[in-house]
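Dear colleague,

Please find the structure below, together with the sequence. My notes on what was found in it follow.

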Amino acid sequence: GPTIHQRRSVLSIARQEGAVAALNGGFYAAAGPPLGLLIIDGEWIKPPLLKRTALGITSEGKLLMDNVDFDGRVYFKEHGYLQLTGLNQGHGNEDGLVVYTPRWGKQLQGSKNCTRLAVSASGEITLKEAEGSEIEIPPDGFVISGRGKYAELLARAAPGEEVTLKLSTKPAWDDVRHALGAGPRLVKDGKIAITAKEEKFRWDVARGIYARSAVGITKQGELLLVAVEPAPVSDADSEADSNARGMSLEELATTMVKLGAWQAMNLDGGGSSTVVENGQVLNRPVNGWLRPVSNALVVIAESEKIVKTE
């Protein structure tokens, strides 16, 4: 949707985008915002989380998969640069420097602990707010919010100064056009390599047996979109049994290798796992209903992409 706080079903997303196929994407918070890297058509929406595995797609269609961290900076023409600690997320109780784009919403709630700078689409500071009042996020621009020591540093800037925002990953992904963070890693260089512990996933993701979704890259550079649906439920099964049917990460990784994945990572699963082809849901979603999700991987026919570009 227009902001990160909205969710829709994979079917709804696929139909709106005119996709020939779609698969649910990464994890998300209960209120809607995605948890992990999300870049769509070159627009940064959320930064990497906990250096988890992410899929990247360049403008030339090259597929990337790696554990990536956030490297965001704000350059002030008069004062040098500051390192960002977040993008379109709350400060919490820690000192930090976070950028908010229109994907967050039209306004940013006031905070007496923060100094905020509104920056226009042309890169000019148009407003400085340090009194705790609500601030509007400029269309096609952004707001820089500093808490603690960062609030003191932002206080040195003034309206009219020029600002440049640079957002990247570590390691740097040059010319990345789309990116989706999820995890954990399942396959690396053709071998099973599950990194649930390193990527700090909870027990339910790391050790559970659920409906699963995954994305893989073959050695030839082809993309694999894979989902595991729960087994059919018999009258003797309890609801708990039916929800537990599916695969472990180990079984999913083994399956990805058998399908030819050279690299692969886990996506959100369970009730989120949904496969759509030509406007129809192919799998049996858990509990029989389509869960609204934060994002999805969609496949667009080349002719449709050309029409949309024109």
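Glu229 is partly exposed, at 32% relative accessibility; buried here means under 20% relative accessible area, exposed over 50%, and partly exposed in between (1.4 Å probe, protein chains only). Its side chain meets that of Arg284 in a salt bridge, with 3.3 Å from N to O. A salt bridge is counted when a side-chain nitrogen of Lys or Arg is within 4 Å of a carboxyl oxygen of Asp or Glu. The pair links distant parts of the chain, 55 residues apart: Arg284 sits in the loop between strand S23 (280–281) and strand S24 (296–299), and Glu229 in the loop between S20 and helix H4 (239–244). Helices (H or I, at least four residues) and strands (E, at least two) are DSSP runs, numbered from the N terminus. Arg284 is partly exposed as well, at 40% relative accessibility.

Please note that this is a predicted model, in which local features need pLDDT of at least 70 and side-chain atom pairs count only at pLDDT 80 or more, while totals for chains, interfaces and linings use all residues. Residues are numbered from 1 along each chain as its sequence is written, and side-chain values use heavy atoms, with hydrogens and water left out.

The count of salt bridges comes to seven. Another of them joins the side chains of Glu162 and Lys77, at 3.7 Å from N to O. Glu162 lies in the loop between helix H2 (149–154) and strand S15 (163–170), and Lys77 in the loop between S6 and S7, so this pair ties together parts that are 85 residues apart in sequence. Glu162 is partly exposed, with a relative accessible area of 46%, whereas Lys77 counts as exposed at 60%.

The side chains of Arg207 and Glu250 also meet in a salt bridge (3.1 Å, N to O). Since Arg207 belongs to helix H3 and Glu250 to helix H5, the pair ties together parts that are 43 residues apart in sequence. Glu250 is partly exposed, at 33% relative accessibility.

Helix H5 (residues 249–258) also has buried residues, namely Leu249, Leu252, Ala253 and Met256. They cover an arc of only 100° around the axis, which puts them on the same side of H5; the arc is that of the directions from the helix axis to the C-beta atoms. The buried residues of H5 pack against several elements, including helix H3 (203–207), strand S19 (212–218) and S20, where contact means heavy atoms within 4.5 Å. Just after H5, Gly260 takes a positive phi of about 100°.

Turning to the strands, S6 (residues 69–76) and S7 (residues 80–83) pair in the antiparallel sense over four bridges; two strands pair if DSSP finds at least two bridges between them. Val74 stands opposite Leu82 in S7, and a hairpin of three residues joins S6 to S7.

Five strands form an open sheet of mixed pairing, in the order S8-S9-S14-S11-S12. Strands S8 (86–87) and S12 (125–129) stand at the edges with a single partner strand each, so one side of each is left without a neighbour in the sheet. Within this sheet, S11 (residues 114–119) and S14 (residues 142–147) pair in the antiparallel sense over six bridges, and Arg116 stands opposite Ser145 in S14.

Yours sincerely
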